[in-house]
Amino acid sequence: MSTSQIAFLKGHGTENDFVIIPDPDNALDLPASAVARLCDRRAGIGGDGLLHVVRSAAHPEARDMADEAEWFMDYRNADGSIAEMCGNGVRVFAGYLQRAGHAEAGDLAVATRGGVKRVHIAKDGAITVSMGRARLPGDGVTVSLDGRSWAARNVNMGNPHAVAFVEDLAHAGDLLSVPPYSPAAVYPEGVNIEFVVDRGPRHVAMRVHERGSGETRSCGTGACAVAVAAARRDGADPALTGTPVTYTVDLPGGTLVITERPDGEIEMTGPAEIVAEGHLDPAWAEVLTG
């Protein structure tokens, strides 16, 4: 595979940053080792993950969604592993499509491994993603760290989350490694773990350890999971009250606004920025071919 003309971009959504590889025809077979090198912050471009931009009709995992969404977000974690969804990633993905002339302000559908996501690109640049409905498996876990333990709510946003409400975000430690949780069998493929504190009425702040990436500056699906868990804790389940509920979620990299509607649909609004673009050096051929 020649890398002489492999384009890349760098973007972020509330400082959750991504390497973007446009590949409309799915001509690149990026092995996990290549993704990990590209996302390496010292030896590569650096990012919390990689957005492989492919037409749905050209990707075997997305062909059945091609009638609904022209573009598929083939998302990879920073370690090269495949993930179902990334909320901030969808916003950056949509921002790239607009920049590249593949989309305009207004409504857009994006195929993901977590299903087709509906996106609205506002004229002011804010991007709203319909994130689907949360699933709330009954089995939760206990997260333990430095002699403290918290019951964590199990929330699935197309990917798994464990949401723990704590007294101080510093109690989460450095989040360089996966915070211990039990029973491990609840999340056989790993989990994203959110630590949350209250900031005010329907206003929370969080830190997150993302599965396969470590602590990140922001996590869109995590912010949605946190808002859902907070609403249940606060007795504000929209399915029961019949009224939408909105939470402001502060993350280290910025702020997201999460609304859950009575039908269960969750909307996430926030920014997306593209900060750089270029071509990979041909010397990376060996890296990219594994």
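For the residue classes used below, Ala, Val, Leu, Ile, Met, Phe, Trp, Tyr, Cys and Pro count as nonpolar, Asp, Glu, Lys and Arg as charged, and the others, Gly among them, as polar. The structure is a predicted model, in which local features need pLDDT of at least 70 and side-chain atom pairs count only at pLDDT 80 or more, while totals for chains, interfaces and linings use all residues. Residues are numbered from 1 along each chain as its sequence is written, and side-chain values use heavy atoms, with hydrogens and water left out.

The structure holds two cavities of 30 Å³ or more; a cavity is a set of points, on a 1 Å grid over the protein atoms alone, where a 1.4 Å probe fits but cannot get out, and its lining residues have an atom within 4 Å of a point. A volume is the space filled by probe spheres set on the points, which are joined across faces, edges and corners. For the largest cavity the volume is about 80 Å³. Its lining consists of 13 residues, of which Asn77, Met85, Asn159, Asn192 and Glu210 are the closest to the centre. Two or more lining residues come from each of β4 (71-77) and α3, where helices (H or I, at least four residues) and strands (E, at least two) are DSSP runs numbered from the N terminus. By class, the lining of the largest cavity comprises five nonpolar, six polar and two charged residues.

The second largest cavity has about 40 Å³ of space. It is lined by Ala227, Val228, Ala231, Val245, Tyr247, Ile258, Thr259 and Glu260. Here α3, β15 (245-251) and β16 (254-260) each give two or more residues. Six of the lining residues are nonpolar, one is polar and one is charged.

Of its 14 residues, 13 are buried, so the helix is largely enclosed by the rest of the structure; buried means under 20% relative accessible area, exposed over 50% and partly exposed in between, with a 1.4 Å probe and protein chains only. Just after α3, glycine 235 takes a positive phi of about 70°.

Leaving aside residues up to four places away in sequence, serine 218 touches Gly13, Thr14, Asn16, Asn88, Glu210, Leu251 and Leu256, contact meaning heavy atoms within 4.5 Å.

The open spaces remain. A pocket is an open set of points with protein on both sides within 12 Å along at least five of seven lines. The largest pocket holds about 290 Å³ of space. Among its 14 lining residues, Cys39, Arg41, Gly47, Asp48 and Ser213 are the closest to its centre. Both α1 (32-39) and β14 (214-216) supply at least two residues of this lining, which divides into four nonpolar, three polar and seven charged.
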